[in-house]
Amino acid sequence: MTSSRSLRAPRALRGLGLLAVSTLPTLPFIAHAAEPQTLQPVVVTATRAPQPIDTVLADLRVIDADAIANAGPMTLTELLQTRGGVEISANGGPGQVSGVFLRGSNAGHVVLLVDGVRINSATAGTNAFENIPLAQIERIEILRGVGSSLYGADAMGGVIQVFTKNADAPRSEASVGLGQWDTHEASLGLARKAGATRWSLQAGWRESRGFSATNPAAGFSYDPDADGYRNLNLGLNLEHELADGHSLALRSMASRGRTQFDAGPGTDDVNRQRLSSTALESRNRITADWRSLLRLARGADHIRTDGAFPGFVDTDQDQASWQNDVAALGGQWVAGLDWRREKVASDTAYTVSARRFLGAFAGVSARLGENLIEASARHDDDSQFGGHATGKLAWGYKLTPQWRASASYGTAFKAPSFNDLYYPLAFGFSGNPNLKPERARSAELALRHDGGALQGGVVLFASRVSDLIAVDPTFTTVVNVNRARIRGITLDASWRSDIWTARGEFTHQDAEDADTGARLVRRARQYGSASLGVVQGSWRGGIEWVVSGDRFGAASNSAASRMGGYGLVNLNASWAVTPRWTLAARLNNLTGRRYELVQGYNTPGSNLFVSLAYADL
């Protein structure tokens, strides 16, 4: 069904281009900022190699340590919605199953990495954002747009990479907090250096009585009891410098979550999930211009369910990666190999319980005068469906030292999950081992200003997705039938002074079934966020807004499945009692707005959280 016209990028982007031109008059104020330039953060997710964010041609967002520290009792998905320009879903409160939508794509079209390691479920094909604790996270990078040409299967909507707290500098930190629904939190962190060895240890605990995950609209699943959550987590980073330019590192993160959920009245339904990532890395500077990284890793997602429908599903992913970064011929080159084996153990007897991926990739980023070029290509071989090639090409032009325009085009794919392929026959339904990968073609245009206290830009994007996997009309299996069309525009701006910070981002999109014109489930036409912060002496405070248009809970877009739009207001404040002790408070959903992320499931009302933190950095 794919042809050279399937994306129709030029036509889609011409229409979006007119909208961009009409928007540009709102942006020139950025060019006249008189404040001195600020140091740009270095990122790695866009090209798999370190580079200043102002040289990145991809649509990338960074959530830094300050934003994470100010998040309070937020879940990772809520933080991504507030600061990362994404849409989310959640089947209730903390610990409940959650999803992230990047640029209108499906929740399973996002690659989640923890320090470069995948830990997703191979059976469901999704990521357990709900059990990744903020206490372990140093920063987050969000790549929006196709990423398969560097990261392989599943990066059709983008890549979210979580970086855990490291041992770069000595530190001692601790915090305790309490809030609504008998919520209690505590964390402890240490980092030290002894000769050529440095290490860091991070531990966290969170417990909440919670609230009922469901409401009467959930039907049979409804149970009005409170659904509590408990999480214990531990992180370790150990690094040893063997010689100048040569080091070994061990990075490990483990999270154990216990979540009560509703599967009907009269039973105590509990999910016990363990997520972990462990990696051994060898980093070597072969020459002044050639650096090599060898990583051996395992990612695990193990879940046990008690209650009305007991069972267990374990995913273990053994991974190996060899990457080489070379500065040559006026550019930065990256090339390497990725190997991954997914293995499933379950009380469900899957007809196949393991499969392997082998990917070879290469990329380059270079500057030729005022021209910026990024290109990457990859070939993946899957033991189930064979080979698949993807690529991406981006070109940018420096209009001035601060302004640049860019355009890109890329392809991506998603491998069918074990449930899609191998689920055994039960109740007249089974998986389909003849499924093909889902495929995407995507294009974007962008205009951006970087440098100085004022930054901002506009991005126009268009994607065509084919061979989407859906239940067939007989409801006996799944088949490749659906097509999706996604078009949109994102505007963002930020400003910083010695006292004030401000940022805002807004997206308008049309994410539709290409055959029926119906909007994709749980995708809004408009969504965005904004914040305003102030620092005055030992005090700091801020206000945040999160807004979303209406969405539909069913593919039919029936009136009964419509979920109304909403706007949330959050407040935060902190006081540095001493240079090492800080007292903070956060009030989420100030107005107590009632809203839905998934039909039949509750969301948090107004809630207050107070914490006391110690930091000796």
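Arg139 sits over the face of Phe163, 3.9 Å from the ring centre; a charge counts as over a ring when NZ of Lys or CZ of Arg is within 6 Å of the ring centre and within 35 degrees of the ring normal. Arg340 does likewise with Phe357, at 4.3 Å from the ring centre. The model behind these values is predicted, with local features needing pLDDT of at least 70 and side-chain atom pairs counting only at pLDDT 80 or more, while totals for chains, interfaces and linings use all residues. Residues are numbered from 1 along each chain as its sequence is written, and side-chain values use heavy atoms, leaving out hydrogens and water.

On the aromatic side, the structure holds eight pairs, where rings of Phe, Tyr and Trp (its six-membered ring) pair if their centres lie within 6.5 Å, and planes under 30 degrees apart are called stacked, over 60 edge-to-face and the rest tilted. One of them is Trp181 with Phe211: the centres are 5.0 Å apart and the planes at 55°, so this pair is tilted. Trp181 is in the loop between S10 and S11 and Phe211 is in strand S12 (residues 197-211), so the contact ties together parts that are 30 residues apart in sequence. Helices (H or I, at least four residues) and strands (E, at least two) are DSSP runs, numbered from the N terminus. Phe211 is buried at 14% relative accessible area, whereas Trp181, at 21%, counts as partly exposed; buried means under 20%, exposed over 50%, and partly exposed in between (1.4 Å probe, protein chains only).

The loop that carries Trp181 is a hairpin turn: three residues separate S10 from S11, and Trp181 has a positive phi of about 60°. Strands S10 (residues 171-179) and S11 (residues 183-194) are antiparallel and share nine bridges, pairing being called when DSSP finds at least two bridges between two strands. Within this pair, Val176 faces Ala186 of S11. S10 also runs antiparallel to strand S33 (residues 607-616), with eight bridges joining them, and here Gly177 is opposite Ser611.

Further along come S20 (residues 371-382) and S21 (residues 386-398), antiparallel and joined by 12 bridges. His379 has Ala389 of S21 as its bridge partner, and a hairpin with three residues between the strands links the two. S21 then pairs with S22 (residues 403-414), again in the antiparallel sense, over seven bridges; a four-residue hairpin connects them, and Leu393 is partnered by Tyr409 of S22.

As for helices, H3 (residues 76-83) is mostly covered, with six of its eight residues buried, including Leu76, Leu79 and Leu80. Just after H3, Gly85 takes a positive phi of about 65°.
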